[in-house]
Amino acid sequence: KRIFVPYDAIPTVVINSFLSAEDKNFFSHPGVDAKGVLRAVIKNILNMTSSKRLEGASTITQQVAKNFLLTNELSFNRKIKEAILAFRIERVLSKERILELYLNQIYLGGGAYGVASASLEYFDKSISELNYNEASLLAALPKAPSRYNPYKDIVLAKFRRDLVLKNLHENNYINKIQYKKFVNKKIILKK
(Lines give C-alpha, C1' and ligand atoms only; values in the text may rest on other atoms or scores of the structure.)
Protein backbone atom coordinates (compact mmCIF):
# COMPACT_ATOMS: atom_id res chain seq x y z
CA LYS A 1 0.00 0.00 0.00
CA ARG A 2 1.52 3.29 -1.08
CA ILE A 3 0.02 6.69 -1.89
CA PHE A 4 2.44 9.34 -3.16
CA VAL A 5 1.95 12.81 -1.67
CA PRO A 6 3.97 15.83 -2.88
CA TYR A 7 5.98 17.74 -0.27
CA ASP A 8 3.67 20.77 -0.42
CA ALA A 9 0.69 18.58 0.55
CA ILE A 10 2.39 17.10 3.63
CA PRO A 11 1.22 18.97 6.74
CA THR A 12 3.69 20.67 9.08
CA VAL A 13 2.59 18.45 12.00
CA VAL A 14 3.73 15.38 10.06
CA ILE A 15 7.04 16.95 8.99
CA ASN A 16 7.81 18.23 12.50
CA SER A 17 6.97 14.84 14.04
CA PHE A 18 9.25 12.91 11.69
CA LEU A 19 12.09 15.41 12.06
CA SER A 20 11.79 15.17 15.85
CA ALA A 21 11.75 11.36 15.76
CA GLU A 22 14.35 10.69 13.08
CA ASP A 23 16.63 13.64 12.31
CA LYS A 24 16.16 16.95 14.12
CA ASN A 25 19.16 18.50 12.32
CA PHE A 26 17.96 17.46 8.86
CA PHE A 27 17.77 20.97 7.41
CA SER A 28 21.24 21.95 8.70
CA HIS A 29 23.53 18.94 8.01
CA PRO A 30 25.10 18.02 4.64
CA GLY A 31 23.69 14.47 4.55
CA VAL A 32 25.54 13.02 7.51
CA ASP A 33 25.14 14.38 11.04
CA ALA A 34 28.61 14.42 12.63
CA LYS A 35 27.20 15.02 16.13
CA GLY A 36 24.79 12.12 15.69
CA VAL A 37 27.59 9.81 14.55
CA LEU A 38 29.77 10.76 17.54
CA ARG A 39 26.84 10.28 19.95
CA ALA A 40 26.07 6.85 18.42
CA VAL A 41 29.73 5.75 18.66
CA ILE A 42 29.86 6.66 22.36
CA LYS A 43 26.50 4.97 23.05
CA ASN A 44 27.55 1.87 21.10
CA ILE A 45 30.73 1.51 23.14
CA LEU A 46 28.56 1.53 26.27
CA ASN A 47 26.00 -0.80 24.64
CA MET A 48 28.70 -3.31 23.69
CA THR A 49 29.86 -3.57 27.30
CA SER A 50 26.31 -4.25 28.49
CA SER A 51 25.24 -6.46 25.54
CA LYS A 52 22.57 -3.99 24.42
CA ARG A 53 21.47 -3.52 20.81
CA LEU A 54 23.75 -1.24 18.77
CA GLU A 55 22.37 2.07 17.52
CA GLY A 56 22.63 3.61 14.08
CA ALA A 57 23.19 7.27 13.36
CA SER A 58 21.48 7.44 10.00
CA THR A 59 20.08 10.73 8.86
CA ILE A 60 16.95 10.89 6.73
CA THR A 61 19.18 11.33 3.67
CA GLN A 62 21.16 8.20 4.59
CA GLN A 63 17.92 6.27 5.03
CA VAL A 64 16.79 7.39 1.56
CA ALA A 65 20.15 6.21 0.15
CA LYS A 66 19.83 2.85 1.92
CA ASN A 67 16.18 2.26 1.04
CA PHE A 68 16.51 3.20 -2.62
CA LEU A 69 20.03 2.12 -3.50
CA LEU A 70 21.48 -0.32 -0.94
CA THR A 71 20.67 -3.53 0.90
CA ASN A 72 19.75 -3.87 4.59
CA GLU A 73 22.95 -5.72 5.52
CA LEU A 74 24.49 -4.52 8.77
CA SER A 75 28.11 -3.74 7.95
CA PHE A 76 30.64 -0.98 8.23
CA ASN A 77 31.13 -1.14 4.45
CA ARG A 78 27.42 -0.43 3.82
CA LYS A 79 27.49 2.51 6.27
CA ILE A 80 30.42 4.04 4.33
CA LYS A 81 28.55 3.63 1.02
CA GLU A 82 25.43 5.09 2.66
CA ALA A 83 27.35 8.18 3.82
CA ILE A 84 28.95 8.74 0.40
CA LEU A 85 25.57 8.40 -1.33
CA ALA A 86 23.98 10.76 1.22
CA PHE A 87 26.52 13.50 0.39
CA ARG A 88 25.88 12.97 -3.33
CA ILE A 89 22.08 13.01 -2.91
CA GLU A 90 22.31 16.26 -0.92
CA ARG A 91 24.27 17.88 -3.78
CA VAL A 92 21.65 16.92 -6.37
CA LEU A 93 18.30 17.15 -4.56
CA SER A 94 16.73 19.81 -2.35
CA LYS A 95 16.05 19.01 1.31
CA GLU A 96 12.32 19.18 0.56
CA ARG A 97 12.64 16.60 -2.25
CA ILE A 98 14.69 14.26 -0.03
CA LEU A 99 12.09 14.54 2.75
CA GLU A 100 9.31 13.96 0.21
CA LEU A 101 11.01 10.75 -0.99
CA TYR A 102 11.54 9.58 2.59
CA LEU A 103 7.98 10.27 3.77
CA ASN A 104 6.51 8.51 0.75
CA GLN A 105 8.63 5.35 0.83
CA ILE A 106 9.30 4.62 4.52
CA TYR A 107 7.71 1.39 5.80
CA LEU A 108 5.32 2.10 8.68
CA GLY A 109 3.90 -1.37 9.39
CA GLY A 110 0.61 -2.98 8.49
CA GLY A 111 1.68 -3.16 4.85
CA ALA A 112 1.72 0.65 4.65
CA TYR A 113 4.53 2.45 2.83
CA GLY A 114 4.57 6.20 3.29
CA VAL A 115 2.70 8.56 5.58
CA ALA A 116 -0.46 8.86 3.48
CA SER A 117 -0.98 5.10 3.36
CA ALA A 118 -0.17 4.72 7.08
CA SER A 119 -2.59 7.52 7.98
CA LEU A 120 -5.38 5.58 6.30
CA GLU A 121 -4.21 2.26 7.78
CA TYR A 122 -4.15 3.42 11.39
CA PHE A 123 -6.63 6.33 11.53
CA ASP A 124 -8.73 6.11 8.34
CA LYS A 125 -7.87 9.78 7.74
CA SER A 126 -6.14 11.88 5.14
CA ILE A 127 -2.76 13.17 6.35
CA SER A 128 -4.20 16.70 6.22
CA GLU A 129 -6.50 15.73 9.12
CA LEU A 130 -3.78 14.39 11.44
CA ASN A 131 -3.02 16.05 14.76
CA TYR A 132 0.30 15.88 16.66
CA ASN A 133 -0.84 12.79 18.59
CA GLU A 134 -1.48 10.83 15.41
CA ALA A 135 1.51 12.20 13.49
CA SER A 136 3.75 11.34 16.45
CA LEU A 137 2.52 7.76 16.42
CA LEU A 138 3.36 7.47 12.71
CA ALA A 139 6.77 9.06 13.33
CA ALA A 140 7.42 6.51 16.08
CA LEU A 141 7.05 3.58 13.69
CA PRO A 142 10.14 3.69 11.38
CA LYS A 143 12.46 2.62 14.23
CA ALA A 144 10.70 -0.78 14.48
CA PRO A 145 7.36 -0.93 12.60
CA SER A 146 6.23 -4.32 13.89
CA ARG A 147 7.46 -3.77 17.46
CA TYR A 148 5.71 -0.40 17.85
CA ASN A 149 2.62 -1.33 15.82
CA PRO A 150 -0.33 -0.08 17.92
CA TYR A 151 -2.52 -2.99 16.79
CA LYS A 152 -0.01 -5.43 18.30
CA ASP A 153 1.08 -3.58 21.45
CA ILE A 154 -0.77 -0.36 22.31
CA VAL A 155 1.29 0.20 25.50
CA LEU A 156 4.63 0.04 23.68
CA ALA A 157 3.24 2.17 20.82
CA LYS A 158 2.09 4.83 23.33
CA PHE A 159 5.50 4.75 25.04
CA ARG A 160 7.28 5.39 21.73
CA ARG A 161 4.70 8.02 20.64
CA ASP A 162 5.25 9.85 23.93
CA LEU A 163 9.02 9.93 23.25
CA VAL A 164 8.32 11.60 19.90
CA LEU A 165 6.02 14.11 21.65
CA LYS A 166 8.81 14.82 24.16
CA ASN A 167 11.20 15.47 21.26
CA LEU A 168 8.61 17.78 19.65
CA HIS A 169 8.49 19.77 22.90
CA GLU A 170 12.31 19.85 23.23
CA ASN A 171 12.60 21.01 19.60
CA ASN A 172 10.07 23.82 20.30
CA TYR A 173 7.40 22.57 17.88
CA ILE A 174 4.88 22.30 20.74
CA ASN A 175 4.74 24.06 24.10
CA LYS A 176 4.67 22.45 27.55
CA ILE A 177 0.87 22.70 27.89
CA GLN A 178 0.34 21.03 24.51
CA TYR A 179 2.90 18.35 25.38
CA LYS A 180 1.11 17.45 28.63
CA LYS A 181 -2.26 17.42 26.85
CA PHE A 182 -1.01 15.18 24.03
CA VAL A 183 0.81 12.73 26.33
CA ASN A 184 -2.37 12.19 28.35
CA LYS A 185 -4.45 11.33 25.26
CA LYS A 186 -5.20 7.74 24.40
CA ILE A 187 -4.34 6.34 21.00
CA ILE A 188 -7.55 5.95 19.00
CA LEU A 189 -7.25 3.68 15.98
CA LYS A 190 -9.71 3.06 13.15
CA LYS A 191 -10.32 -0.58 14.17
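## Glu96, a partly exposed residue

At 34% relative accessibility, Glu96 counts as partly exposed, a class that lies between buried (under 20% relative accessible area) and exposed (over 50%), using a 1.4 Å probe and protein chains only. Glu96 sits in helix α5; helices here are DSSP runs of H or I with at least four residues, strands are E runs of at least two, and both are numbered from the N terminus. This is a predicted model, in which local features need pLDDT of at least 70 and side-chain atom pairs count only at pLDDT 80 or more, while totals for chains, interfaces and linings use all residues. Residues are numbered from 1 along each chain as its sequence is written, and side-chain values use heavy atoms, with hydrogens and water left out.

Which residues does Glu96 touch, leaving aside neighbours within four places in sequence? Glu96 is in contact (heavy atoms within 4.5 Å) with Tyr7 and Phe27. Tyr7 and Glu96 are 89 residues apart in sequence, yet their C-alpha atoms are 6.6 Å apart in space.

## The chain as a whole

Let's step back to the whole chain. The protein chain has nine helices and zero strands. Of its 191 residues, 47% count as buried. Among contacts with a separation of 6 or more, 63% are between residues 24 or more positions apart.

A nonpolar core is a set of buried Ala, Val, Leu, Ile, Met, Phe, Trp, Tyr and Cys residues joined through side-chain atoms within 4.5 Å. The largest one here has 47 residues, and those with the most contacts inside it are Val14, Phe18, Leu99, Tyr102, Leu103 and Leu138. Helices giving two or more residues to this core include α1 (12–22), α3 (60–69) and α5 (95–105).

Is Gln63 buried or exposed? Gln63 is buried, with a relative accessible area of 12%. This residue of helix α3 is in contact with Glu22, Ser58, Tyr102 and Ile106, leaving aside its neighbours within four places in sequence.

## Helix α7 and its neighbours

Now look at α7, where nine of its nine residues are buried. These buried residues pack against α1, α6, α8 and α9.

Two packed helices are described by the angle between their axes and the distance between the axes. The axes are lines fitted to C-alpha atoms, for helices over the stretch in contact, and angles run from 0 to 180 degrees between N-to-C directions. For α6 (residues 115–123) and α7 (residues 132–140), the axes come within 11 Å and cross at roughly 115°. On the α6 side, the contact includes Val115 and Tyr122, and on the α7 side it includes Glu134 and Leu138.

The axes of α7 and α8 are 8 Å apart, at an angle of about 110°, so α7 is roughly perpendicular to α8. Among the residues making this contact are Tyr132 and Ser136 of α7, and Arg160 and Leu165 of α8.

Notes: Parallel < 35°, antiparallel > 145°, perpendicular 65-115°, else oblique.
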